[in-house]
Amino acid sequence: MIPAISDAAGPEPRPYSYDIKPDEEQKYRKGMLGLASDALRARLKEISPTVQGPKPAARSSATRRPLLKEQPTFENVQFRAFDLWSTNEPVFVVSATAHMPPAPGTAADPSQAYYVTLVAKKNIYDELRKLYVGVTDDRHLDQTPRLELIDAVDADGDGRGELLFRRISDTGRAWGVYRAGADQLFPLFEGTPPGQ
């Protein structure tokens, strides 16, 4: 499948890439992967089964140890920066495959792959503001589709860029076009897989 967006009377095509220096790229890439780690841990907490049982005895504050935060390992990391509205305000997109290390005393499967897609904007305080976070795995594609970034395109001919993603669900693949707003990613078009 090849997506095509065309308009005979539309504006001249232009790239929407944001010119970023290598040291800035490393800084924002690290920040995006930190947000992706937090999102993955939050998602795992949501989908992990809980067992009801007796509460463990409380320990005194002197013997309490801080909880360790398991850090995922990321593979196939794709980091892109866009200037979608020609305002010099970058929108960052990171997508990766993540694996969690097994927790001590559990039989977690380290080969279990999670797919993380994160879209964020830099605010005036040079902080990353999340617009979209998607964390899924092969067993949950019916709830949360996996998004793979294709590129930034001017889908409606207004001179501003939108993000084009391939949406992979349990029933197939389709396209999605999204506009980056101030606080979230708005869907402009979400296709359905062929045959539905």
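**Cavity and sheet**

Me: What makes up the lining of the largest cavity, by class?
Reply: By class, the lining has 5 nonpolar, 3 polar and 1 charged residues. Arg146 lines the cavity and counts as charged because Arg is grouped with Asp, Glu and Lys; Ala, Val, Leu, Ile, Met, Phe, Trp, Tyr, Cys and Pro are nonpolar, and the others, Gly among them, polar. This is a predicted model, where local features need pLDDT of at least 70 and side-chain atom pairs 80 or more, while totals for chains, interfaces and linings use all residues. Numbering starts from 1 along each chain as its sequence is written, and side-chain values use heavy atoms, without hydrogens or water.

Me: What makes β5 an edge strand?
Reply: The open sheet runs β5-β6-β7-β8, with antiparallel pairing. β5 (146–153) and β8 (185–190) each pair on one side only. β5 also supplies at least two residues of the cavity lining.

Me: How do you know that β7 and β8 pair?
Reply: β7 (residues 172–180) and β8 share 5 antiparallel bridges, and DSSP needs at least two, so they count as paired. Val177 has Phe189 in β8 as its bridge partner.

Note on methods: Helices (H or I, at least four residues) and strands (E, at least two) are DSSP runs, numbered from the N terminus. On a 1 Å grid over the protein atoms alone, a cavity is a set of points where a 1.4 Å probe fits but cannot get out, and a pocket is an open set with protein on both sides within 12 Å along at least five of seven lines; lining residues have an atom within 4 Å of a point.
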